[in-house]
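Hi,

Here is the structure I promised to pass on.

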Amino acid sequence: MKKIFLTVLIIWGTLNCSSQSKKTNEEKFRLAINEEFDSNFRNCSNGIDAVSNYKDKKEFWNICELKNGNRIITIESHEDDTYFQEIYFEKNGNLVYAKETENYIPKNHFTQKSWNCEFYIKNLELVSLISLGHGKTEDDKWDPDVIFEMYKNRLTELKQIKK
């Protein structure tokens with residue numbers, strides 16, 4: 001009986017340590033991306049570089065191309081009572097971070113309902129995500145990998161904006 005108990009205890013301990021290690025690695029990865037994004041973002045101007053009319057919705061673009069080869073694309077719009085923002089952070093031409101925000105803000109009010117989701121990507125694969133508020137992530141049918149399609153579409157739109 002002692003051997004069975006000891007075996008179960010060892011297996012449980014090993015699995016628990018492995019789980020904690022994976023969680024810690026994921027947190028370290030997110031923290032490193034956040035620090036690099038913040039450092040890069042500080043070197044960007046917050047002006048509007050372009051205006052597009054995607055699906056009859058005016059969108060304001062800020063494209064920050066940094067000397068280190070990184071790029072941050074920010075797209076903002078307002079439709080009805082909702083403010084939308086998308087941020088894409090590319091490192092050496094590869095998407096490593098994205099953030100999608102939707103804030104419900106009726107006219108003459110402060111934000112009433114807020115939702116955002118941060119996506120952490122490594123080697124074109126979604127490694128982690130963090131969602132806050134009430135929004136898309138509460139729908140069981142929502143697929144977080146949709147961020148890759150959104151990003152691809154945004155790059156196509158960016159190419160169509162005249163310089």
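Strand β6 (residues 113-122) and strand β7 (residues 125-133) run antiparallel, joined by 8 bridges. Opposite Lys122 stands Glu125 in β7. The β6-β7 hairpin has 2 residues between the strands, and Asn123 there takes a positive phi near 55°. Keep in mind that this is a predicted model.

β1 and β2 are antiparallel, with 5 bridges. Ala50 has Trp61 in β2 as its bridge partner. This hairpin leaves 2 residues between its strands, and Lys55 in the turn shows a positive phi of about 50°.

β2 also runs antiparallel to strand β3 (residues 71-79), through 7 bridges. Here Phe60 faces Glu76 in β3. The β2-β3 hairpin has 5 residues between its strands. Gly69 in that turn has a positive phi of about 90°.

Now the cysteines. How many disulfides does the count come to? The count is 1. Cys44 and Cys64 form the disulfide, with sulfur atoms 2.0 Å apart. The pair links distant parts of the chain, 20 residues apart. Cys44 lies in the loop between α1 (2-41) and β1 (50-54), while Cys64 sits in strand β2 (residues 57-65). The torsion about the S-S bond of Cys44 and Cys64 is about -90°, so the disulfide is left-handed.

Are Cys44 and Cys64 buried or exposed? Both are buried. Cys117 is buried because its relative accessible area is 0%, under the 20% cut-off.

Best wishes

Methods: Residues are numbered from 1 along each chain as its sequence is written. This is a predicted model: local features need pLDDT of at least 70, side-chain atom pairs count only at pLDDT 80 or more; totals for chains, interfaces and linings use all residues. Side-chain values use heavy atoms; hydrogens and water are left out. Two strands pair if DSSP finds at least two bridges between them. Helices (H or I, at least four residues) and strands (E, at least two) are DSSP runs, numbered from the N terminus. A disulfide is a pair of cysteine sulfur atoms within 2.5 Å. Buried means under 20% relative accessible area, exposed over 50%, partly exposed in between (1.4 Å probe, protein chains only).
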